[in-house]
Structure formats: structure tokens, C-alpha cells
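Take a look at it, then read on.

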Amino acid sequence: TGTKQRVAVSVIEAFGGTTQSGGDSSSVVVPVRDVEDVLRLEYRSKLLNPKWRDAMLDQGSGGAYEVSQRMTAMVGWAATTDVDNFVFDQAAERYALDEEVAKKLQKANPEAFKNVVRRLLEANGRGMWETNDEVLNKLKDLYSDADDMIEQASAAIQR
């Protein structure tokens, strides 16, 4: 339908909390956090963190796949809750528009790189991310180049 509907979500972290004693029993009080806060922490500590990115790049294909999956999850969350525009901006800068990183991702896992770019284009197309035409055109070119690279590799394998 193209219309984003806001869904109320709370996140309960079952691995934290404090113990309260009262009467004959004790119970664990687990903090409930707003999903936007949890996502902001997740993206800053992982996806947008240069040390995490570099560690993923060092892992080769599996690391590139992990980056790709986090981009997919980000778009999924953005469909139901607010994901700050800067998260998409920085993800684009750190993974697709940084030539050195883009080359490493493409070399390690061309499909994962293509998915990263596809998810950024999808986020813009679905109104989740606003960016300028220059960035969009660069992403479209990167997507086309990634698609061509994958097709050439597939053709070479089939020969």
C-alpha cells in the first residue's frame, strides 16, 4: 500500500535486570526499552562502528554476509518504526560509497555487496531514507556494476 504504519514495540532484554526481594520470594526486574533506543544502540555499536566494519571485512565472505543481513534487518525495522536518516546516510557512506570498503565487500561476497546497495535503494524508494540525487545515482551505478560482475562470473562458471 506504500503507507508506513507505526507499530508499538517494546524490547525486553532477558539477560539483564536486578533482583528484588520481597516477602517469601525474589524476582528479577527486567528493563523494558523503547525499540528506537535499542536500534540506535545496535547501529552505533555494530553497523556504523568502523571497528566492527573492519572486523567483518577481515572475515571475508561470512563478514560481508553479516553486513548484508544487518542492512536487510535495518530496512525491515524501518518499515515498522523510525530509523534515523543518519543511520542510512552513514551506512551508505561506510559500505557502498567508500570505494575501498566497496571493493573489499565485492571481492569477498559480490551478492552481499549487491544486497547492501539494493537495501539502500529500497529504503529510499519506500520513503524510509531521504538522500540527494547524486548519492542515488551513484548507488544505482554501483548496483548495475555489481549485477554485471555477478552475471559475468556466472557466465564464466557455466562455460
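Q: What percentage of the 159 residues of the protein count as buried?
A: This is a predicted model: local features need pLDDT of at least 70, side-chain atom pairs count only at pLDDT 80 or more, and totals for chains, interfaces and linings use all residues. Residues are numbered from 1 along each chain as its sequence is written, and side-chain values use heavy atoms, with hydrogens and water left out. Buried means under 20% relative accessible area, exposed over 50%, and partly exposed in between (1.4 Å probe, protein chains only). Among the 159 residues, the buried share is 31%.

Q: In what order do the elements of the protein run from the N terminus on?
A: Helices (H or I, at least four residues) and strands (E, at least two) are DSSP runs, numbered from the N terminus. The protein has 7 helices and 4 strands. From the N terminus on, the order is β-β-β-β-α-α-α-α-α-α-α.

Q: Why does the pair of Phe 88 and Trp 129 count as stacked?
A: There is 1 aromatic pair in the structure. Rings of Phe, Tyr and Trp (its six-membered ring) pair if their centres lie within 6.5 Å; planes under 30 degrees apart count as stacked, over 60 as edge-to-face and the rest as tilted. The centres of Phe 88 and Trp 129 are 6.1 Å apart, and the pair is stacked because the planes stand at 25°.

Q: How many residues apart are Phe 88 and Trp 129?
A: Phe 88 is in helix H4 (residues 85-96), while Trp 129 is in the loop between helix H6 (110-125) and helix H7 (133-158). The pair thus links distant parts of the chain, with a separation of 41 residues.

Q: Which helix gives the largest share of the lining of the largest cavity?
A: A cavity is a set of points on a 1 Å grid over the protein atoms alone where a 1.4 Å probe fits but cannot get out; lining residues have an atom within 4 Å of a point. The largest cavity holds about 60 Å³ of space. Its lining includes Glu 36, Arg 40 and Asp 82. The largest share, 4 residues, comes from helix H1.

Q: Which residues is Lys 114 in contact with, leaving aside its neighbours within four places in sequence?
A: Lys 114 lies in helix H6. With a relative accessible area of 10%, Lys 114 is buried. Contact means heavy atoms within 4.5 Å. By that rule, the partners of Lys 114 are Tyr 143, Ala 146, Asp 147 and Ile 150.

Q: What distance separates the C-alpha atoms of Asp 145 and Lys 114?
A: Asp 145 sits in helix H7. Asp 145 is partly exposed, at a relative accessible area of 46%. Asp 145 and Lys 114 are 31 residues apart along the chain, and their C-alpha atoms are separated by 9.0 Å.

Key
1 Å grid on protein atoms, 1.4 Å probe; cavity = no way out; pocket = protein on both sides within 12 Å on 5 of 7 lines; lining within 4 Å. Points joined across faces, edges and corners; volume = space filled by probe spheres on them.
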